[in-house]
Amino acid sequence: MLEKKTLVVENTVLVGIINAQQDEDQSKEYLDELAFLALTAGGKVIKRFTQKISLPNPKTFIGSGKLAEVELFVKENDVSTVVFDDELSPAQQNNIEKTLKCKILDRTGLILDIFAQRAQTSYARTQVELAQYQYLLPRLKGLWTHLERQKGGIGMRGPGETEIETDRRIVRDKITLLKKKLTVIDKQMATQRGNRGALVRVALVGYTNVGKSTLMNVLSKSKVFAENKLFATLDTTVRKVVIGNLPFLLSDTVGFIRKLPTQLVESFKSTLDEVIEADLLLHVVDIAHPNFEEHIASVNQILQEIESLDKPTLMVFNKIDAYAPEVIEEDDLFTERTSKHYTLEEWEDTWMAKMNGNALFISALNKSNLEEFRQRAYAAIRDIHVTHFPYNHFLYPEGLEE
Ligand SMILES: Nc1nc2c(ncn2[C@@H]2O[C@H](COP(=O)(O)OP(=O)(O)OP(=O)(O)O)[C@@H](O)[C@H]2O)c(=O)[nH]1
Ligand SMILES: [Mg+2]
């Protein structure tokens, strides 16, 4: 495993920008999420800086005045980590590090750090390690003395080759090795998946922390790790579940997030194979989250990247117990009514129309509306099953018997 840049309850500062793509409200919500990520990684956010800026400064991302402000705060408050919400170029990261003299992470680096902490199995660890090396490759600054130099060293270096180039080669070799290792495991896993026979395959997908594992636990009556932290689940779990008399396979997998590092999507492809090979997706949404519509868009974008967006999908809006619309006071004549004020019924109407009826509203925690969920899931899975095995249609009635 790579040396971890773990945040051990470190004083952490966040930096975000406001521009044409993200207004003040959005920027705040992104920083809220970044703060949750930092907390998950073990950091304590003690200050946030934002700057209105149309184009990021190519050298230091934020302007020099703002950077000086951050520098002063960092000095006076024993700050060990500054996290930027947006992707920094390797040069920007270097320059900022030189000025602030503390650890500089961007959102990608922070997510990678959390993944590194959470990876349990050797498979997940290998995937994270690969993503970390790919992220670090362009950021090498000749600090790689802790790496084993099996190849580099005296006599091995070509004329004029710098240490950084040697390091780069070591890292590239490491990447090749990890990729080979993953290919071997992938083959084993593909065989395992192939052995699963005729069962319809259903995958839970969704943004992180929406309740996928909780729903899996309710349905399969087994224990999958669920908690109020981001990326509680890294490895895919597959369970055989029976609704009515119809058995199927249900998989729970890594949650998605806005700006999920491409290196991660890339190296988690085989974890996502369960999604790619699924017959039906249950797209779980946390309707109590103020940004849930944007979450849906982020998830769909990743589904698109892995060519799985056009699969049959049930949208499962979870956490209805926690949904609280914003309220306009009676004497408030100025606030315009927006979707933030929708009642649950209004959201149901909206999404039932958008999804052609393939939307459901439940609480996995309170087990509300689960009966309807089971009915709808049964019907969808049965449809797929009898398409695969037309001669089985008499085994499974069209509707779920109560
Ligand atoms: N209020 C409420 N909380 C819920 C509900 N379902 C899940 N939660 C909570 O939401 C948090 C996240 O649940 P998980 O099941 O771990 O979510 P996940 O989607 O598997 O998350 P990752 O694996 O991190 O992507 C936990 O604290 C759950 O108890 C629900 O219906 N209502
Ligand atoms: Mg989970």
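Select Tyr135 and Arg139 to begin: Arg139 lies over the face of Tyr135, at 3.9 Å from the ring centre, where a charge is taken to sit over a ring if NZ of Lys or CZ of Arg is within 6 Å of the ring centre and within 35 degrees of the ring normal. Select next Tyr30 with Arg258, where Arg258 lies over the face of Tyr30 at 3.3 Å from the ring centre.

This is a predicted model, in which local features need pLDDT of at least 70 and side-chain atom pairs count only at pLDDT 80 or more, while totals for chains, interfaces and linings use all residues. Residues are numbered from 1 along each chain as its sequence is written, chains are lettered from A and ligands numbered from 1 in the order in which they are written, and side-chain values use heavy atoms, with hydrogens and water left out.

Turn now to the aromatic rings. Rings of Phe, Tyr and Trp (its six-membered ring) pair if their centres lie within 6.5 Å, and planes under 30 degrees apart count as stacked, over 60 as edge-to-face and the rest as tilted; by this rule there are seven aromatic pairs. Select Phe292 and Phe317, whose ring centres are 6.1 Å apart with the planes at 85°, so the pair is edge-to-face. Because Phe292 lies in helix H10 (residues 292–305) and Phe317 in strand S9 (residues 313–318), this pair ties together parts that are 25 residues apart in sequence; helices (H or I, at least four residues) and strands (E, at least two) are DSSP runs, numbered from the N terminus.

Is Phe317 buried or exposed? Phe317 is buried, with a relative accessible area of 0%, and Phe292 is buried as well, at 4% (buried means under 20% relative accessible area, exposed over 50%, partly exposed in between, with a 1.4 Å probe and protein chains only).

Trp351 is buried, with a relative accessible area of 7%.

For the last stop, select strand S1 (residues 10–18) and strand S3 (residues 81–84), which run parallel and are joined by four bridges, with Val15 opposite Phe84 in S3.

Key. Pairing = 2+ DSSP bridges.
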